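Please keep the sequence and the structure at hand while reading.

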Amino acid sequence: VERMADALLALDTQDRVIDMNPSMQALLGVAREGARGQPLATLAPAVYAALLAARQAPTQVSDAVLEVAEAQYSYAAHVSPLASDDNQERGHLLLLHDNRARVQVEEALRASEAQLRAIID
């Protein structure tokens with residue numbers, strides 16, 4: 001978890017930060033010690049919006065565009081329940097997977113398709 005490229009965030013049932021990995025710390029620009037116990041809605045409104053969207057998605061996965069240091073990045077947001085040993089809900093895990101590679105491939109495919117259509121026309 002500490003070395004993974006994807007950003008991972010653990011939240012309690014009131015959506016307060018329990019913990020996060022270094023990738024999430026870098027994305028949010030905060031240290032985990034300063035973030036613990038903070039409501040995600042105040043700490044990172046865009047990430048909170050991604051969490052809410054993923055919760056409402058039928059597969060609990062949604063695409064999110066987040067602005068980081070005045071640049072926009074595309075992420076796949078995955079949310080899953082965090083449960084205790086006795087199967088009681090303790091919160092949620094939010095995983096943000098960087099979609100930049102997928103977005104670049106999609107853009108290249110669209111450009112290629114446009115060129116092919118122009119040739120055919």
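Is Glu-113 buried, partly exposed or exposed? In this predicted model, Glu-113 counts as partly exposed because its relative accessibility is 38%. Its partner in a salt bridge is Arg-117, with 2.6 Å from N to O, and Arg-117 counts as exposed, at 51% relative accessibility. Both residues belong to helix α5 (residues 100–120), where they stand four residues apart, about one turn of the helix.

**Confidence**

The mean pLDDT of the chain is 85, and 91% of its residues reach 70 or more. Confidence is lowest in strand β3 (residues 61–68), with a mean of 71, whereas strand β2 (residues 17–20) has the highest, at 95.

**Salt bridges**

Six salt bridges are found when the whole structure is searched.

| Pair | Distance, N to O |
|---|---|
| Arg-55 and Asp-15 | 2.4 Å |
| Glu-113 and Arg-117 | 2.6 Å |
| Arg-36 and Asp-19 | 3.1 Å |

The side chains of Arg-55 and Asp-15 meet in a salt bridge of 2.4 Å, N to O. This pair links distant parts of the chain, since Arg-55 is in helix α4 and Asp-15 is in the loop between β1 (7–11) and β2, 40 residues apart. The two partners can be described by their accessibility: Arg-55 is partly exposed, with a relative accessible area of 27%, while Asp-15 counts as buried, because its relative accessibility of 8% falls under the 20% limit used for that class.

The side chains of Arg-36 and Asp-19 likewise meet in a salt bridge, at 3.1 Å from N to O. That pair, too, links distant parts of the chain, with Arg-36 in the loop between α2 (32–35) and α3 (40–43) and Asp-19 in strand β2, 17 residues apart. Arg-36 is partly exposed, at a relative accessible area of 40%, and Asp-19 is also partly exposed, at 28%.

Elsewhere, salt bridges that share partners join Glu-2, Asp-19, Arg-32 and Arg-36 into one network.

Strands β1 and β2 run antiparallel and are joined by three bridges. Asp-19, which takes part in the salt bridge with Arg-36, is also the bridge partner of Ala-10 in this pairing. The hairpin has five residues between its strands, and there Asp-15 takes a positive phi near 60 degrees.

What surrounds His-92, leaving aside residues up to four places away in sequence? His-92 is found in strand β5 (residues 89–98), and it is classed as buried because its relative accessible area is 15%. Its contacts include Leu-9, Ala-10 and Leu-11, as well as Arg-55, Val-79, Ser-80, Pro-81 and Leu-82.

How values were computed:
Residues numbered from 1 in each chain as written. Predicted model: local features only at pLDDT ≥ 70, side-chain atom pairs only at ≥ 80, totals over all residues. Heavy atoms only, no water. pLDDT = per-residue confidence, 0-100. Helix = DSSP H or I, 4+ residues; strand = E, 2+ residues; numbered from the N terminus. Salt bridge = Lys/Arg side-chain N within 4 Å of Asp/Glu carboxyl O. Buried < 20%, exposed > 50% of the residue type's maximum accessible area, 1.4 Å probe, protein only. Pairing = 2+ DSSP bridges. Contact = heavy atoms within 4.5 Å.
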